[in-house]
Structure formats: structure tokens, C-alpha cells
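I opened my notebook for a first look at this structure. Here is what I looked up, entry by entry.

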Amino acid sequence: MIRLEKRPTPSRVWAWATPVVAVLATMVAGGIMFAALGKNPVEAIRTIFWDPILGEYAFYYRGQLLVKAGPLILIAVGLSLGFRAGIWNIGAEGQYIIGAICGAAVGLALYPLEARWLVFPLMIAAGALGGLLWAMIPGVLKTRFNTNEILVSLLLVYVAEQILAWMALGPLRNPDGSGFPGSRNLRQYEAAANNELIAGSGMHWGVVAALIAVIFAYILLSRHLMGFHIRLAGQSPRAARFAGVNPERLILFCLGISGALAGLAGLFEVAGPAGQISIDFNTGYGFTAIIVAFLGRLHPIGILLAGLLMALTYIGGEAAQATMGLPAAAIQAFQGMLLFFLLGFDVLTSFRVRLGREAHA
Amino acid sequence: MKKRTFLASAAAAAALIAANPALAQDPVKVGFIYVGPIGDGGWTYEHDQARLAVEEHFGDQVETIYQESVPEGADAERALTQMALQGADLIFTTSFGYMDPTINVAAKFPDVKFEHATGYKTADNVGVYSARFYEGRAVQGHIAGKLTQSNKVGYIASFPIPEVIRGINSAYIHAKKANPDVEFAIVWAYTWFDPAKEADAAKALIEQGADVILQHTDSTAPQAAAAEAGNVYTFGQASDMAEYAPMPRVSSIIDNWAPYYIDRVQAVIDGTWTSDNTWDGIGPGMVKIGEISDAVPAEVKAEAEALRDSIAAGEYHPFTGPLKKQDGSDWLAEGETADDGTLAGMNFYVEGITGEIPN
């Protein structure tokens with residue numbers, strides 16, 4: 001008989017081992033699924049995990065990994081701070097959208113001013129501020145009226161999507177676009193473009209910002225009093241109160257930081273890879289970042305790795321679609337398996353598997 | 001510029017990889033980027049049918065690849081680059097939102113040909129194509145005007161772009177001609193494919209009293225919603241959707257891309273491909289009217305078919321004056337027909353339609 005026995009303290013080994021085990025299990029289960037679809041499972045797994053890094057066209061894919069991972073990491077790092085403190089910002093997607101709109105609006109308002117030293121920093125500030133303010137809505141509502149930040153932040157995503165459609169069709173629409181929706185392409189506006197810093201590397205300012213965020217979050221959590229408060233509030237809210245943690249300040253801080261980082265991610269995306277505000281500009285980075293945050297154990301370095309891994313499944317998954325004719329749904333199921341196995345194996349962090357009968361005291 | 005060097009090297013790499021088909025006798029590789037899943041039963045389904053027709057027509061001479069459900073935007077650019085790197089010689093990008101990504105990627109791969117559906121930006125290696133769906137909408141509008149008992153026709157619109165507005169106007173003009181009391185209720189779904197949203201829109205329209213539902217979205221969900229409600233008429237969109245015939249689906253507008261795709265692939269094989277701007281309708285066969293079912297009275301069916309045939313023969317243009325714009329200003333004088341430029345950028349309703357185009 002197999003039974004689970006609660007560990008006295010969560011296992012540190014398993015906390016780091018489960019993501020690896022989950023990836024391996026996903027490869028096996030995904031391979032079985034691909035085989036059932038009539039595709040060579042080994043080739044499929046190789047296309048997804050190997051080709052983008054070391055395959056024939058890796059010179060292009062490696063850069064794309066950074067492009068895809070950048071916003072995921074940037075958002076996830078912000079979310080992880082709140083998640084550690086038990087503050088659940090589920091609406092990063094909305095903050096991402098609003099950040100992109102605010103940043104793009106500033107850039108478009110200054111068009112065709114050529115002073116990049118002025119335009120681009122202003123856009124960055126507007127992007128961060130937009131995301132921050134959007135996240136303050138659930139923050140203030142929670143601290144003032146004790147509303148549930150999960151619901152409020154999530155529902156504000158749909159509000160943000162409507163604003164996005166309005167902006168793409170109305171105020172931010174390209175006046176030279178013969179009536180079609182969508183703003184001017186910021187990438188074709190030198191002063192506002194977030195282009196690659198080194199051509200072909202995928203490295204744009206958003207990726208740089210993500211790396212800086214990882215470092216700052218690491219220092220904050222390990223060296224700073226605020227980081228201590230965050231960890232304490234998550235582990236023991238009562239103890240936190242005795243230690244002098246101001247819960248309202250903590251809520252606003254965590255939501256504000258995660259909102260600002262999500263807004264930045266949106267700004268860097270709209271000025272770079274996406275290029276323009278369009279009706280369906282957002283593609284779910286804000287939600288995927290939640291998975292990345294947990295896959296990375298809410299640890300900055302873990303998130304860095306998890307973001308790259310997630311990006312790999314996207315890039316590799318797309319490659320597998322195009323080269324092997326795998327359906328898009330199979331790739332999504334494959335990514336779903338990853339989260340499923342991660343959560344499943346997570347049990348091992350807090351529980352021990354025992355064979356045999358329970359020993360009675 | 002550094003960017004240029006990357007472009008050049010990427011292009012050189014692509015040229016090497018995509019070994020000249022004429023020399024190596026390699027099959028021509030044709031890529032397709034789809035906005036929905038190939039099983040959507042509508043827009044993407046028809047593009048994929050055309051892809052299969054290309055395979056069947058050319059056999060070993062071609063190899064086709066596709067990627068479905070590609071979001072419009074940054075991801076599309078990667079999907080396109082990926083296909084170009086893998087040696088595609090010709091890539092069809094089959095949704096409006098792929099316009100800028102197509103232009104961007106095309107600039108990096110001057111030797112790869114691109115065909116973008118429903119857009120307006122061209123380049124030396126980017127052609128655009130679309131179908132005159134509004135011709136089909138005219139036939140649809142006529143039948144809708146005749147069929148409605150409540151005089152209320154529901155319209156599930158996707159995005160407020162000229163193509164969709166053109167369809168609304170054309171359907172309205174001909175419904176109004178068939179039935180002067182007709183009214184249009186328009187719902188904007190802001191999606192091309194979202195069965196849940198489309199079903200909700202259809203139900204809302206039916207609850208408001210609409211007994212004919214027209215759709216410019218790609219799934220069969222509105223058909224299912226109408227079937228459930230009973231006594232509501234619908235039309236297949238992009239694809240025949242014949243599984244809902246004879247009721248609620250009484251006819252359809254079918255996109256028939258196969259002849260065009262075969263033609264363009266042949267041009268690449270022959271080395272005669274040049275950037276084009278194709279806009280074909282019922283006449284050349286790019287737009288087809290699906291079988292009008294027995295739920296439609298015989299005389300209405302005959303009228304609709306006559307309308308279809310006169311459009312196909314070029315005797316009648318669906319936008320023929322006198323026509324006014326919604327605000328009451330004159331648009332087309334008696335007997336005047338709309339020019340393609342105005343139609344391509346259409347951003348106004350004709351007189352009689354209530355509501356505003358979202359902006």
C-alpha cells in the first residue's frame with residue numbers, strides 16, 4: 001500500500017527537484033500523446049526541447065527565446081513578491097495591457113519628435129506608471145473596503161481588453177491607416193522603437209529590464225527588510241503583525257511592484273516585438289507568468305529558468321507544428337501537462353511517500 | 001546598419017537552405033499561417049481545404065506546411081520567419097492582422113514570396129488578395145429581407161474594419177430593397193473565432209426578436225444557437241456549414257481559395273510570380289453561394305439566384321446609386337457604382353442602419 005506522510009518541514013531537495021521531475025514526466029506523457037497522434041515522439045520532443053537551442057536554425061531561435069521569455073520573467077518576478085506574501089494579483093494581463101497603452105500613447109503623442117533620449121524614457125515611465133495605477137485599483141479597494149484582490153484584479157483584465165479595443169479603433173488609431181484598426185507601428189518610429197540592442201540576439205530593453213528585475217528581487221528578498229516582511233507575511237501573518245509589518249503597506253507595495261513590472265513588459269512589447277497597439281495585442285503573457293512564477297518556486301533565479309523553459313515550449317512547440325504538422329491543441333495540452341505534473345509532484349515537497357502499512361503508535 | 005547585416009545574413013542563409021527548386025528538382029514548399037484551428041468549420045477550414053487542393057493538384061511538385069491558431073502580432077512574425085528559414089518558397093498569411101508581420105518578414109527574405117489575405121500593404125515579394133464577399137452579402141441580404149417575419153435581422157460582426165462594414169452595408173441595402181420595414185441589430189464580437197462569444201451574441205440577438213442571424217465570425221456556434229431556438233434562419237459563413245441545412249442554415253457564402261492558390265503556386269513553379277493585388281468575386285468563382293435550401297420559398301430562391309447570376313455576369317454591382325451615407329449625405333448618384341478605392345477603405349454605414357461603427 002502506498003500512502004503519504006506529512007514531512008515535519010518541507011523538503012528542500014524536492015522543492016528544487018520537482019520542476020525537473022515534472023519536465024521529465026511531461027516529456028514521457030507528451031511523447032505518448034504525440035505517438036498516439038501518429039508522430040514520432042522522439043523527434044517531437046527533440047524538435048521542442050533541442051532544436052531551438054542547438055538545432056539548425058538555433059541562431060534565430062535563441063534570440064526568440066529571449067523575446068518570449070523576457071516579458072514572462074519580468075511579470076513573474078513582480079507577481080512572485082505578492083504570491084510570497086499571500087497577495088494574489090491574478091490580473092497582470094490587464095496591467096500589461098494598460099502599461100502598453102499608456103506607453104504607446106506617450107510615444108504616439110510625441111510623434112514625429114526625433115529626440116529618442118526624451119521619447120523613449122518617457123514611454124518607459126508611462127508604461128510602468130500605467131501598470132502601477134491599474135494594479136492600485138484592486139490594491140486600494142482591498143485596503144479600504146477589504147474586497148478580494150483575486151476577483152478584482154482578474155475582472156479588470158476584461159475591462160482593460162475593452163479599453164484596448166477602444167484605443168485601437170479610436171484615439172490611438174493610425175491616421176494614415178485608411179480606416180483599419182491599430183496604431184502606428186512604433187518600430188518604424190526611430191525615437192520610440194524598442195529594437196534589438198544587438199541585431200539577431202533577441203536582446204531588447206525588455207529583456208534587460210527582466211534581468212535587472214531578477215537581480216533586484218533577489219537582493220530585496222535576501223537582504224532587505226521589505227523582503228523579510230514579505231516572506232514573513234506569507235509564512236505567518238500573525239507573526240508578521242507582531243514584527244511590525246503594516247499589512248496595508250505590504251499589499252499596496254506588492255500590487256504596485258507587480259503592476260509596474262507588468263506595465264513595463266507591456267510597454268517593451270508594444271514598442272518592440274508587437275510594434276503596435278492592436279485589438280488583440282495581448283496574447284496571455286500575464287496569465288502564463290503565473291505559471292512561470294510557480295514553476296520557478298517564486299524564487300527570482302527559479303523564475304529566470306522557468307521563463308526560459310516556458311519560452312522553449314512555445315518556440316519549440318511552434319516549430320513542431322510547422323515542421324511535423326502537430327496540431328496547435330496538442331502543443332497546448334503539452335504545456336498544460338507541464339503545470340499538471342508540477343502541481344502533482346509538488347506533493348512530494350510536503351509529503352513523503354511510504355510503502356507498507358501505517359505504523360500505529 | 002547592423003540590422004541590415006542580420007537581414008542579409010538571414011536572407012543568405014534562407015537562400016542556401018531553400019535550394020533553388022528548378023536546379024535541385026526539390027518540391028516547391030508552400031506555407032500557410034492560419035488565425036484559427038483548421039477545424040473551425042469556417043474561415044480557416046476553407047483555407048486549409050484550398051491547401052489540400054494545392055497538394056492534390058501538384059502532387060510531388062509541392063510540399064505544404066501550415067501553422068494554425070497563430071496570434072496576430074509578434075508571434076506571427078516568428079511563425080513566418082520560422083517557415084521562411086525552413087525553406088518555404090511561398091507563404092500565404094490568411095488573416096488581416098498578419099499584415100505588418102508579413103511586410104516585416106518579407107523585407108528580411110527577399111527571395112521568398114508572400115501572399116497576404118485581406119490587407120492593403122504590398123511589396124516586391126508581397127502580394128495581397130481578397131474576395132468580394134460583399135457580393136455574396138447582397139444575395140444573403142435579399143433572402144434575409146424576404147424571410148424575416150419580425151423585420152429584425154441580427155448581425156454578428158467581428159472587427160470594425162472595412163471588409164466587415166462593407167458586408168453589413170451590402171446585406172442591409174439588399175434586405176431593405178426586399179423588405180422596406182427591415183431593421184438590422186448589429187453586435188460586435190471583437191473576435192474572428194470564439195464559439196462561446198459567438199453563441200452568446202446569437203442568443204442575445206434572438207432574445208431581442210431577430211429571426212434571421214447573419215454572421216461575420218468563423219464558427220458554427222451561431223448556427224447551433226439558432227437551431228436550438230428554432231424558427232431562426234442563418235447563413236453559413238466562409239464555409240458551407242451544410243450540416244445545419246436545411247434549417248437553420250438556408251444558404252451560405254463560401255470562400256473558394258483553391259483556384260487562386262493553385263494559380264499562384266504555379267506562378268512560383270514557373271518563375272513568373274509577381275506581386276499582385278487580387279480582388280475577385282462571384283464571377284471568377286472566388287466567392288460561391290451555397291445551395292439555397294427548401295426552407296426558402298421557391299420564388300425567393302429564384303430571385304436570389306437571379307441576383308447572384310447578374311452579379312457574376314457583371315451586369316449588376318451591389319453598390320449602385322442612389323445611395324446615401326448614414327448621416328444623410330449623398331454618396332452615389334442614380335446609376336453610379338462604388339469605386340474599389342472607396343470600398344476598400346469603407347468606414348461608414350449607408351443610410352438607414354442604426355447604431356454607430358465603434359471607434
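**Entry 1: a helix crossing.** I started with helix 6 of chain A and helix 7 of chain A, and their crossing is right-handed. I keep in mind that this is a predicted model. Helix 6 of chain A covers residues 116-145. The two helices pack at an angle of about 150°, and their axes are 9 Å apart.

**Entry 2: who makes the contact?** Next I asked which residues of helix 6 of chain A and helix 7 of chain A make the contact. From helix 6 of chain A I noted A:W134, A:I137, A:P138, A:L141 and A:K142. Helix 7 of chain A brings A:E149, A:V152, A:S153, A:L156 and A:A160. Sorted by class, I have 7 nonpolar, 1 polar and 2 charged residues in this contact.

**Entry 3: where the chains meet.** Then I turned to the two chains: 31 residues of chain A are in contact with 33 residues of chain B. On the chain A side, at least two residues each come from helix 4 (58-84), helix 7 (149-169), helix 13 (300-324) and helix 14 (328-350). Which helix gives the largest share of that side? I found that helix 13 of chain A does, with 5 residues. The chain A residues that touch chain B divide into 16 nonpolar, 12 polar and 3 charged.

**Entry 4: a record for chain B.** Last, I checked UniProt, where an unreviewed entry lists residues 28-313 of chain B as "domain: ABC transporter substrate-binding protein PnrA-like". I noted that this span of chain B is 42% helix and 22% strand. Its end C-alpha atoms lie 35 Å apart.

Key. Residues are numbered from 1 along each chain as its sequence is written. Chains are lettered from A and ligands numbered from 1 in the order in which they are written. This is a predicted model: local features need pLDDT of at least 70, side-chain atom pairs count only at pLDDT 80 or more; totals for chains, interfaces and linings use all residues. Two residues are in contact if their C-beta atoms, placed from the backbone, lie within 7 Å. Helices (H or I, at least four residues) and strands (E, at least two) are DSSP runs, numbered from the N terminus. Ala, Val, Leu, Ile, Met, Phe, Trp, Tyr, Cys and Pro count as nonpolar, Asp, Glu, Lys and Arg as charged, and the others, Gly among them, as polar. Axes are lines fitted to C-alpha atoms, for helices over the stretch in contact, and angles run from 0 to 180 degrees between N-to-C directions. A crossing is left-handed if the near helix is turned anticlockwise from the far one by less than a right angle, and right-handed if clockwise. UniProt positions are given in the numbering used here, feature names are shortened, and annotations may be inferred rather than shown by experiment.
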